Amino acid sequence: MTEHEEHKVEKEEQDESLMDKISEKLHFSNHSSSPAPASSSSDSDDEKKKPTSPAPETSSFGSKVRRLFGRERPVHKVFGGGKPADVFLWRNKKISAGFLGGATAIWVLFEVVEYHLLTLLCHGLMIALAGLFLWSNASTFIHKSAPHIPEVHIPEKPVLEFASALRNEINRALAVLREIASGRDLKTFLLVIGGLWLASILGGCCDFLTLFYIIVVVLHTVPVLYEKYEDQVDAFAEKALHELKKQYVVFDAKVLSKIPRGPLKDKKKD
């Protein structure tokens, strides 16, 4: 074999050894890099296989709490759902503010300034009549048209409807008072007596106009605040009523059960 051939063989062997080394390195790099995506894929598979924990059920707080006085309808419906309810719940802020401002002005006029109702009516009529009389007579001199005074008539139908509704309410109140006075429901009797006693105390502390103004302010503040925080108020009221019922059971066992009561029902005839 010649030197040229030996040199060629050695070169081929070097090339083969170099190719083997390159292939080994490539094979090693493939093995080292391949577990990473496998692990990521296995992680994703595990995540898919893992049962997703159910989201915590968010139940409305109001559904767990019994409404005040056993109320099942919204506050707006309790007040009738019409214009009075809109005024008390401030659906129309201009009307509600105007009504409350007018009641405040009347209270200040009669209680703070100590103006009297009859005096106010007389002075108002005097000013209105004098102004219209002078305007009517002076219109010819100042070359202006006379004031148009509209004819005012009270319609019959609304008056009859109001009288009929008032009569029904009075008859209902009389029937309730008769039922209470018959001695059949001691609990209702005590509640009514307590309410009347509380009203008498309030009447002794302030006059009728101040009491009326307090009622107006309460009607324009308490319902709208209760509608806003009804869940918290109902939860607190439920706890308070539960405690009152426990105290009432004790009071009934020690005191009320020893009081003689009237006949509950008429005896059946044989």
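Predicted model: local features only at pLDDT ≥ 70, side-chain atom pairs only at ≥ 80, totals over all residues.
Read along the sequence, the chain follows the pattern α-α-α-α-α-α-α-α-α-α-α, with 11 helices and zero strands, where helices (H or I, at least four residues) and strands (E, at least two) are DSSP runs numbered from the N terminus. Residues are numbered from 1 along each chain as its sequence is written, and side-chain values use heavy atoms, with hydrogens and water left out.

Of the 270 residues of the chain, 10% count as buried, a term that stands for a relative accessible area under 20%, as against exposed for over 50% and partly exposed for values in between (1.4 Å probe, protein chains only). Among contacts between residues at least 6 apart in sequence, 61% join residues at least 24 apart, a contact being defined by heavy atoms within 4.5 Å.

Two packed helices are described by the angle between their axes and the distance between the axes. Here the axes are lines fitted to C-alpha atoms, for helices over the stretch in contact, and angles run from 0 to 180 degrees between N-to-C directions. Helix 6 (93-112) packs against helix 10 (residues 208-228) at an angle of about 160°, with the two axes 10 Å apart. That angle makes helix 6 roughly antiparallel to helix 10, given that angles under 35 degrees count as roughly parallel, over 145 as roughly antiparallel, 65 to 115 as roughly perpendicular and the rest as oblique. The contact is formed by S96, F99, L100, A103, T104, I106, W107, F110 and E111 from helix 6, together with L209, T210, Y213, V216, V217 and H220 from helix 10. By class, these residues divide into 10 nonpolar, four polar and one charged, where Ala, Val, Leu, Ile, Met, Phe, Trp, Tyr, Cys and Pro count as nonpolar, Asp, Glu, Lys and Arg as charged, and the others, Gly among them, as polar.

Helix 10 also meets helix 11 (residues 230-254), and the axes of this pair come within 5 Å and cross at roughly 95°. Helix 10 and helix 11 are therefore roughly perpendicular to each other. In this contact Y226, E227 and K228 of helix 10 meet E230, V233 and D234 of helix 11, a set with two nonpolar, no polar and four charged residues.

Most residues other than glycine have a negative phi. W90, although not a glycine, has a positive phi of about 60°; this residue is found in the loop between helix 5 (83-88) and helix 6 and is partly exposed, with a relative accessible area of 26%. E114 likewise has a positive phi, near 65°, and lies in the loop between helix 6 and helix 7 (117-142), where E114 is exposed at a relative accessible area of 60%.

With a disulfide taken as a pair of cysteine sulfur atoms within 2.5 Å, the count comes to zero disulfides. The sulfur of C205 is 6.5 Å from the closest cysteine sulfur, which belongs to C206, and this distance is too far for a bond. C205 is exposed, with a relative accessible area of 66%, whereas C206 is buried, with a relative accessible area of 17%.
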